[in-house]
Amino acid sequence: MIRFDHVNKRYPGRLEALTDVSLDLPQGEMAFLTGHSGAGKSTLLKLIALIERVTRGTLLVHNVNLGTLPTRRVPWLRRQMGIVFQNHHLLYDRTVFDNVALPLVIAGYRSGELRRRTRAALDKVGLLDKERQMPITLSGGEQQRVGIARAVVHRPPLLLADEPTGNLDPALSREIMELFVQFNRVGVTVLVATHDIALTEAFGLPVLSLAGGRLARDDFAGGPVGAPA
Amino acid sequence: MARRPERGARGREQPPRRPRRRGGGGRAGARLLAWLQEHPRAALGSLGRMWRNPAASLLTVAVIAVALALPGALWMLLKNAERATGGWDTGARVSVYLEPGLDPARAATIGDRIAARDDVTVVERISAEQALEEFRALAGFDEALEALERNPLPAVVVVEPAGVGGRSPAALGRLTGELEAIEGVDRAQLDLEWVERLYALLGLIERGVTVIALLLAAGVLLIIGNTIRLDILNRREEIEVTKLIGASDAFIRRPFLYTGLWYGLLGAALAWLLLAAGRALLAGPAARLAAAYGSGFRLHGLAADESGLLILAGAGLGLVGSWLAVGRHLRAIEPG
């Protein structure tokens, strides 16, 4: 599903954010992406979502080479994935329902189907009774669940989450992670970036770990990486 | 990997993995359907957004309306002026003065010769005697005229050019030349110069209105462009988020273009109302003035085609103004 092949990413005027990263996240798997802040987790997710472009190496998502994908095809690629952000990125001038429905509006769904799917997604995250509220009236955990509903409403085969539990207490964090696990169980490939080691250990899922821009651990390739060649 | 059992078995609702989009139909059909549904949605959405912010929207619309109404009013004024003076050029006349002191029989012959020409129709023939009578009656110069030995006034033949072709300034100039060349004719004078001046003046004003209209059109473009620019900046975060969710540029552009279109349309409609109200206010006084001059002139408003042009101009300017703003500012906003 996601394959990094000797990927480097350098921001203009800065050190390399990612150095020689090679990894393979198979379809239908769920993994945690861990590392200290500044280790390159966000950069790695941004490369997958085409918010940033690879400097060197190849990155395949859905067998599409992101290095050669023309800019006008970027929206299409982004519609193949759902993204959950740490700070939710909700639109605060519209209702919870309208926030969650947005990906379907973009994809051009008809209103009947749109309503059905949106309510199904809200039901899934347990917020169906709040569909008419404005996001600002919800708690942090609820807002994050709205963000998750929006990320999955168009049933993407790939779900990315960047520190989705960053601002939540442990119990809420657990709840959110369990939601991701549920999506994974029905076939969605999930990659969750987090610095919460306790949480990743509690779930016992494969871990990809970055340290200083390099891959330090890859459970899909048998654990620790970097015994220098 | 051990996965703990999850509460609730709602997972089943979740999908087979390929997202299925819209029912059957060809790709083109589906596209058309999406287009048919997205455009009204974007159009109404933009209108709703303006509606929720009535003070600012109204202000923008009012500014656009004034900017459109000003050249509209000048245009209306000009058209009415042209209409009021419209009958005047048909009165292009040439006064042919015969040589003074010509004996009446000779004068009559010359008059007949002029009347025999194809390119003129004689309107009036004034003999030297008649002229003297008129002058006497009018000016009270009895005694002074009595003192003169002979009639100083010439006989006059007033002619109009016949046919339409004879009315151009060049043709009229040629005609006066020919008339002057007739023996016994002293001078042929075109009574049209002041009409020409008036038309030159109207032409100048028309050009002025065009220039003002262009300037104000540019003003409307800037107003709408700037309004849309501010709108884009205000909604920067929303644009970033929608881009991240996979919205195409067209999808993001659409509501802004519709906003510009609405501003232009509503501004033009309000401008039309302003013009109609202005005409209604001036119609009474104008009619009285015309009546005082013994004319049946009525103040005309914008004709249907002119109204249509106004609305179209508003819509066009709105669309172009927002297009310029969107082209410049939307590209600059990328998530990151």
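I looked up A:Leu50 and found it in the loop between helix 1 and strand 4 (56-61) of chain A, where helices (H or I, at least four residues) and strands (E, at least two) are DSSP runs numbered from the N terminus. A:Leu50 has a positive phi of about 60° although it is not a glycine. I count A:Leu50 as buried because it has 22 C-beta neighbours inside 10 Å; buried means 20 or more other C-beta atoms within 10 Å of the residue's own, with C-beta atoms placed from the backbone.

This is a predicted model, in which local features need pLDDT of at least 70 and side-chain atom pairs count only at pLDDT 80 or more, while totals for chains, interfaces and linings use all residues. Residues are numbered from 1 along each chain as its sequence is written, and chains are lettered from A and ligands numbered from 1 in the order in which they are written.

I then turned to A:His88, which sits in the loop between strand 6 and helix 3 (96-107) of chain A; its phi, near 65°, is positive in a residue other than glycine, and A:His88 counts as buried with 23 C-beta neighbours inside 10 Å.

For the sheet, I traced 7 strands of chain A in the order 6-7-8-3-9-10-11, forming an open sheet with mixed pairing, where two strands pair if DSSP finds at least two bridges between them. Strand 6 (81-84) and strand 11 (223-224) of chain A each have a single partner strand, so one side of each is left without a neighbour in the sheet. Strand 3 (residues 30-34) and strand 8 (residues 189-193) of chain A pair in the parallel sense over 4 bridges, and A:Leu33 stands opposite A:Ala193 in strand 8 of chain A.

Definitions and conventions:
A residue is buried if 20 or more other C-beta atoms lie within 10 Å of its own, exposed if 12 or fewer, and partly exposed in between; C-beta atoms are placed from the backbone.
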